[in-house]
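Thanks for coming. I will take a few minutes to go through one model, and I will start with a detail before the overview.

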Amino acid sequence: MYYQGAVESTANTESGSRVFLYEVVGLRQSEETDKTNYPIRKSGSVFIRVPYNRMNQEMRRISRLGGKIVSIQSADALEQFNSKAASNGSNGASSTGDVKATSESRKKDKKGNTMTDAKAKKKDVPVNIYRPKNPYVGKCLSNEELVGEGGIGTVRHLKFDISGGDLRYLEGQSIGIVPPGVDKNGKPEKLRLYSIASTQHGDDVDNKTVSLCVRQLEYKHPETGETVYGVCSTFLTGLEVGADVNITGPVGKEMLLPDDPEANIIMMGTGTGIAPFRAYLWRMFKDEEKKVNTDYQFKGFAWLIFGIPTSPNILYKEELEELQSKYPDNFRLTYAISREQKNKDGGRMYIQHRCEEYAEELWKMVKDEKTYVYICGLKGMEDGIDAALAAAAAKEGVEWSSYQKQLKKAHRWNVETY
């Protein structure tokens, strides 16, 4: 991921004109990060361009925001490398993962590998093939409403043609969308990240498409009371078939599926957080996918706990329930419908209440080394999930926060919330 840092424009001396690229992990969305011009998600890396004369100041700011710098490299050297790589590609494509740091300052594991490389060695993970300054221009093939009659808001399933370029991706990754136009400051709109909702082969299983699940953002202005619509989500949900769309990426290694076909996969998501889970489940169970995935035939157990406000808001309902009916021994589907179901205290039913209800079963699964947990959607569900599992673990004398750290270290607890 490559973003033009807001701090770069302040360089005005000979030494200050030297620019460096910080790779930062661990940033959290807050009022302060909302003021920045790069997207923040709970997982993955953010790349920030920093002039020489502001390096120390930026380090302190990143630390204050909860971030950790995992690499620093010269932006000039990187651009020279990218230019050379791009000269061998087409339509603005760059080599896979070409923003990886080559510096020895990258954190190493016990075997001397960088931590990023150690995780990526399992599979070839494509990263940042297309960038905001030279995105891939795809075309909208379809734009379908997912919310049923009487549901809340609008959520669309969009499919884009990517057959004319080099864009490829894995289940669990995201792509960036750069909406047209300028922002309130007259500058080009920044990219927004969206989790990919299709398998690596695309909805048509021909390696020519990528799909998204997008809700139109809508909220009341806190001062004027006016209804405000999200720029990029409104652009996407209203996109006509045949229209162009600027695509960047892919990005992300946090939410990748394990290679083990006998793994157990627990998925907890709200709303459009279903997107990566749709990709997982289609890869695991769809007949067309099974035919092309000769090296991956899922034999484990998958459990999806899905939070939505009303029944018409159950995204991909028919397909999910068809999979549950066809594979009852391998797939379990649990809904938390907040405005229709009650928790044990008589209040609305949210994902955290389902986790409390099934805490013993979830804890038993989590203890199995073949179990991987994925959480995607609203950040507010995390504390309740932790509380439910902490209570179950405590019955066996296990301290949950310490145990969870070990799960994260083993890449068995994966979170992408916002």
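E382 and K379 form a salt bridge, with their closest N and O atoms 3.7 Å apart. The model is a predicted one, so please hear every distance today as computed from predicted coordinates. Are the two partners buried or exposed, or in between? E382 has a relative accessibility of 11%, and because the limit for buried is under 20%, E382 counts as buried. K379, at 42%, is partly exposed.

I will pick out two more.

One of them links D260 to K370, and here the closest N and O atoms are 2.6 Å apart. D260 sits in the loop between β11 (244-251) and β12, while K370 sits in the loop between α9 (359-366) and β15, so this pair ties together parts that are 110 residues apart in sequence. Both ends are partly exposed: D260 has a relative accessible area of 25%, and K370 has a relative accessibility of 33%.

The other joins the side chains of D287 and K326, at 2.8 Å from N to O. D287 belongs to helix α6 (residues 287-292) and K326 to helix α7, so the parts tied together are 39 residues apart in sequence. D287 is partly exposed at 36%, and K326 is partly exposed at 46%.

Now the interior. As background, nonpolar side chains in soluble globular proteins tend to be buried together. In this model the largest nonpolar core has 37 residues, and L281, M284, L304 and L320 have the most contacts inside it. Which elements supply at least two residues each? They are β12 (264-270), α5 (275-285), β13 (301-308), α7 (317-326), β14 (331-337) and β15 (371-377). The largest share, seven residues, comes from α5. Domain 2 (136-251) and domain 3 (264-417) each give this core at least three residues.

Take L304 as an example. Leaving aside neighbours within four places in sequence, L304 is in contact with M267, I274, F277, L281, L320, F331, R332, L333 and T334. Apart from that core lies another one of 26 residues, and M349, A359, V366 and A392 are among them.

Next, the chain overall. It has 418 residues, of which 49% count as buried. There are 11 helices and 16 strands. Among contacts between residues at least 6 apart in sequence, 73% join residues at least 24 apart. The chain exposes about 20,100 Å², and carbon and sulfur atoms supply 49% of that area.

Last, confidence. The mean pLDDT of the chain is 82, and 78% of its residues reach 70 or more. Which elements have the lowest and the highest mean? Helix α3 (residues 115-120) has the lowest, 37, and strand β5 (residues 155-161) the highest, 98. The pLDDT is below 50 over residues 1-16, a stretch with 47 contacts in the model beyond near neighbours in sequence. Over residues 81-121 the pLDDT is also below 50, and that stretch has 72 such contacts. Where pLDDT is low, the predicted coordinates should not be read in detail.

How values were computed
Residues are numbered from 1 along each chain as its sequence is written. This is a predicted model: local features need pLDDT of at least 70, side-chain atom pairs count only at pLDDT 80 or more; totals for chains, interfaces and linings use all residues. Side-chain values use heavy atoms; hydrogens and water are left out. A nonpolar core is a set of buried Ala, Val, Leu, Ile, Met, Phe, Trp, Tyr and Cys residues joined through side-chain atoms within 4.5 Å. Buried means under 20% relative accessible area, exposed over 50%, partly exposed in between (1.4 Å probe, protein chains only). Helices (H or I, at least four residues) and strands (E, at least two) are DSSP runs, numbered from the N terminus. Domain bounds come from an automatic or database domain assignment. Contact means heavy atoms within 4.5 Å. pLDDT is the predictor's confidence in each residue, from 0 to 100. Accessible areas come from the Shrake-Rupley method with a 1.4 Å probe; for residues, only the protein chains shown count as cover. A salt bridge is a side-chain nitrogen of Lys or Arg within 4 Å of a carboxyl oxygen of Asp or Glu.
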